[in-house]
Amino acid sequence: MNDHEPPRTIDWHQVTYKFWKTNFVKRFQDEADVERIRSKLTNLSQLPEQSVKSFISQINTLYDRVHGKAPSLSEHPTEAERKLHKENERTRSLNKYTILKRGLIKKFRKQMHSRVGANPTYDEACQAAIVGESVLIDEELSEKIGLTAAMAGITLHEEVQDAEIKKQREEIEKLQLK
């Protein structure tokens with residue numbers, strides 16, 4: 001068969017059938033995969049060593065895999081399209097905020113709540129959680145530095161005392177030898 005001949009009918013049917021069969025099987029695998037991801041998203045919680053930014057990224061990725069990317073407005077949207085888009089954004093924000101709130105480690109969740117109002121958007125909550133994590137890390141670091149300094153002071157004090165005790169023992173030994 002040369003390049004100018006049309007494909008034979010039998011080849012076309014085989015290609016079409018393979019394509020159809022692959023997509024048919026893939027469709028069910030995708031639905032099962034989506035259910036597995038939806039379950040993972042529902043039960044998602046931050047790991048102790050996971051940063052807040054990483055956890056937020058994981059929420060966004062899983063949410064987009066289950067629900068698709070957020071649709072964008074056309075160049076010249078109608079009022080109805082604007083309302084629908086705004087409602088869709090609000091729903092997505094609320095759903096993601098619920099997942100974030102439920103899955104964050106308790107100390108980061110407390111920090112987040114102390115920095116947002118009553119009804120924050122998902123983006124506001126994310127920013128508050130990231131800032132809260134930074135504050136806690138800074139506090140923990142300051143505490144460690146303070147403890148290290150206190151331990152260094154105690155160690156120095158013990159060394160001075162040990163030297164003083166050694167000096168006193170030597171003096172006692174000299175007095176006993178006389």
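The questions and answers below concern a predicted model of a protein.

Reader: How many helices and how many strands are there in the protein?
Author: From the N terminus on, the elements run α-α-α-α-α. The protein therefore has zero strands, and its helices number five.

Reader: Which helix holds both E35 and R38?
Author: The side chains of E35 and R38 meet in a salt bridge of 2.5 Å, N to O. E35 is partly exposed at 45% relative accessibility, and R38 is partly exposed at 32%. The two are three residues apart, about one turn of the helix, and both lie in helix α1.

Reader: What separates R82 and E79 along their helix?
Author: R82 forms a salt bridge with E79, with the closest N and O atoms 3.2 Å apart. Both residues lie in helix α3, three residues apart, so their separation is about one helical turn.

Reader: Which residues form a negative surface patch?
Author: One of them lies in helix α5, residues 122-177. A patch residue needs over 30% relative accessible area. E164 has 40%, so E164 passes this cut-off. The patch is formed by E164, E170, E171 and E173.

Methods
Residues are numbered from 1 along each chain as its sequence is written. This is a predicted model: local features need pLDDT of at least 70, side-chain atom pairs count only at pLDDT 80 or more; totals for chains, interfaces and linings use all residues. Side-chain values use heavy atoms; hydrogens and water are left out. Patches are made of residues with over 30% relative accessible area and no salt bridge: like charges are joined within 9 Å, nonpolar side chains (Val, Leu, Ile, Met, Phe, Trp, Tyr) within 5 Å. Accessible areas come from the Shrake-Rupley method with a 1.4 Å probe; for residues, only the protein chains shown count as cover. A salt bridge is a side-chain nitrogen of Lys or Arg within 4 Å of a carboxyl oxygen of Asp or Glu. Lys and Arg count as positive and Asp and Glu as negative; His and the chain ends are not counted. The place of a charge is taken as NZ of Lys, CZ of Arg, CG of Asp or CD of Glu. Helices (H or I, at least four residues) and strands (E, at least two) are DSSP runs, numbered from the N terminus. Buried means under 20% relative accessible area, exposed over 50%, partly exposed in between (1.4 Å probe, protein chains only).
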